[in-house]
Amino acid sequence: MSGRLFGTDGVRGVAGRYPLDHQTVRRLGAALVRALARGPEVPRVLVGRDTRESGEWIEAELAHGATGERAIVTSAGVVPTPAVAYLTRSAGYDLGVVISASHNPFEDNGIKVFSGRGEKFTERVEREVEAIVDDRAWRAAPGEPAPVDRADLLGGYVDHLRAVFAGSDALGRFKLAVDCANGATTTVAPGLLAGLGLQTLVIGAAPDGRNINRDCGSTHPQALAAAVVAGRCNMGVAFDGDGDRAIFVDELGRVVNGDAVLLLCARQLQREGRLKGNAVVATVMSNIGLEVALRKLGIELVRCAVGDKYVMEEMLARGLALGGEQSGHVIFSDYLFTGDGLCTALNVLRTLALNRRTLGDMAADLVSYPQVLLNVRVREKADLATVPAVADAIARVESRVAGHGRLLVRYSGTEPLLRVMLEGQHEGEIRSWAQEIVDTVKAHLG
């Protein structure tokens with residue numbers, strides 16, 4: 001048991017296998033408590049999870065390790081990731097832990113950790129925890145895990161979300177399609193949105209432990225698009241398995257991603273004088289069209305590495321109000337320093353109400369350059385510069401798009417994949433260039 005446990009979004013893997021085997025999960029629970037600065041008080045840990053069938057035993061093992069280090073562990077049950085982040089901060093917990101693999105299939109699971117401030121652990125803290133796990137001078141508590149104490153804490157999170165939508169009653173008879181991905185938002189989204197006076201058409205809200213993200217949710221918006229059109233809805237929103245991201249569908253069934261959401265929300269915050277620093281953080285994956293549109297508004301686009309924790313770190317460092325990812329993670333720092341799909345949905349609804357425009361109309365303000373994203377499975381994550389054929393293919397494509405496009409080649413932080421993203425003026429052209437890189441990678445690293 002050595003090396004890296006944490007990837008771009010916590011610990012991730014197949015449930016039951018390292019690093020999510022029983023022993024490592026228990027040891028990690030103990031290490032998280034050991035990493036806290038020790039004081040006279042007993043540490044308090046809040047745990048939440050999504051709907052995967054492995055969630056309960058992972059929660060029990062992690063809690064057993066933590067309680068063996070004198071911590072008091074409370075389970076909030078099935079709740080969205082941002083609920084744990086918010087409740088950790090507002091209820092005075094020292095740590096918040098989410099057991100989820102986000103948009104991955106049910107066989108996977110993961111562990112995300114939040115500080116007492118409700119912020120994701122930084123890489124520095126993650127390395128400290130990994131070092132504690134690797135230290136063989138101590139052992140996690142033995143024995144069988146006991147049931148974890150439960151508490152119904154969702155009310156505080158729901159009240160927090162209602163405040164986002166306060167005073168925005170100009171939507172009238174607005175019909176909203178909602179896809180809960182058979183995941184964590186099933187416990188919150190339907191009741192919250194209906195309680196705000198919206199007519200709702202809900203799908204993906206019958207979790208069985210194995211159907212999370214299956215042909216539904218933010219990574220499969222086709223079902224939502226069909227529901228919007230068939231149900232004559234004004235808009236649709238799809239969450240991922242743990243509820244920290246949202247992808248939208250306009251009134252015509254067209255998918256609206258995080259770039260368009262960042263633009264329409266940035267413009268609204270700017271009008272209200274709430275866009276701190278007059279800048280927005282986005283990752284290297286965001287379309288160059290977002291950068292162009294924001295520049296016309298006098299708003300700077302600050303780019304960072306892929307991963308909402310990197311968006312958060314950049315926002316904290318610069319004191320900014322808005323940041324996010326094309327994939328649907330959007331952070332509104334006035335409310336919380338982590339992605340929150342429901343908070344994003346409410347901010348989009350609020351913006352539509354205040355502007356009296358449809359989502360399709362507002363999303364059209366973003367003129368995206370053609371973008372191609374191809375994934376290739378790899379047997380190892382080698383340094384691409386040390387593979388001459390791959391390095392040459394990348395250099396050739398970079399020279400072709402210089403000055404009128406972007407090439408980004410990076411490994412996934414959670415899967416054995418290399419991602420090739422290319423933007424340019426002509427889709428057919430850039431697709432063939434991206435495929436050229438993919439074919440070379442397959443030949444040498446596939």
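Q: How far apart are the mean positions of the positive and negative charges of the chain?
A: In this predicted model, they lie 2 Å apart. The chain carries 50 positive and 54 negative charges. Lys and Arg count as positive, Asp and Glu as negative.

Q: How do you know that the radius of gyration of the chain agrees with a compact globule?
A: The rule is 2.2 Å times the number of residues to the power 0.38. For 446 residues, a compact globule would have a value near 22 Å. The chain has 22 Å, so the two agree. Along its principal axes, the C-alpha trace spans about 60 × 60 × 40 Å.

Q: What makes up the chain in terms of helices and strands?
A: It holds 14 helices and 19 strands. Of the contacts with a separation of 6 or more, 71% join residues 24 or more positions apart.

Q: Why is V306 called buried?
A: Buried means under 20% relative accessible area. V306 has 18%, so it is buried. Buried residues make up 58% of the 446 residues in the chain.

Q: Where does V306 lie?
A: V306 sits in the loop between β14 (300-304) and α10 (308-318).

Q: What makes a residue a contact of V306, and which residues are in contact with V306 beyond its neighbours within four places in sequence?
A: Contact requires heavy atoms within 4.5 Å. Leaving those neighbours aside, V306 is in contact with T8, T283, V284, M285, E325 and R410. A282 is 24 residues from V306 along the chain, and their C-alpha atoms are separated by 8.6 Å.

Q: What share of the accessible surface belongs to carbon and sulfur atoms?
A: The share is 50%, out of about 17,500 Å² for the chain.

Definitions and conventions: Residues numbered from 1 in each chain as written. Predicted model: local features only at pLDDT ≥ 70, side-chain atom pairs only at ≥ 80, totals over all residues. Heavy atoms only, no water. Helix = DSSP H or I, 4+ residues; strand = E, 2+ residues; numbered from the N terminus. Buried < 20%, exposed > 50% of the residue type's maximum accessible area, 1.4 Å probe, protein only. Areas by Shrake-Rupley, 256 points an atom, 1.4 Å probe, with all protein chains shown as cover. Charge placed at Lys NZ, Arg CZ, Asp CG, Glu CD.
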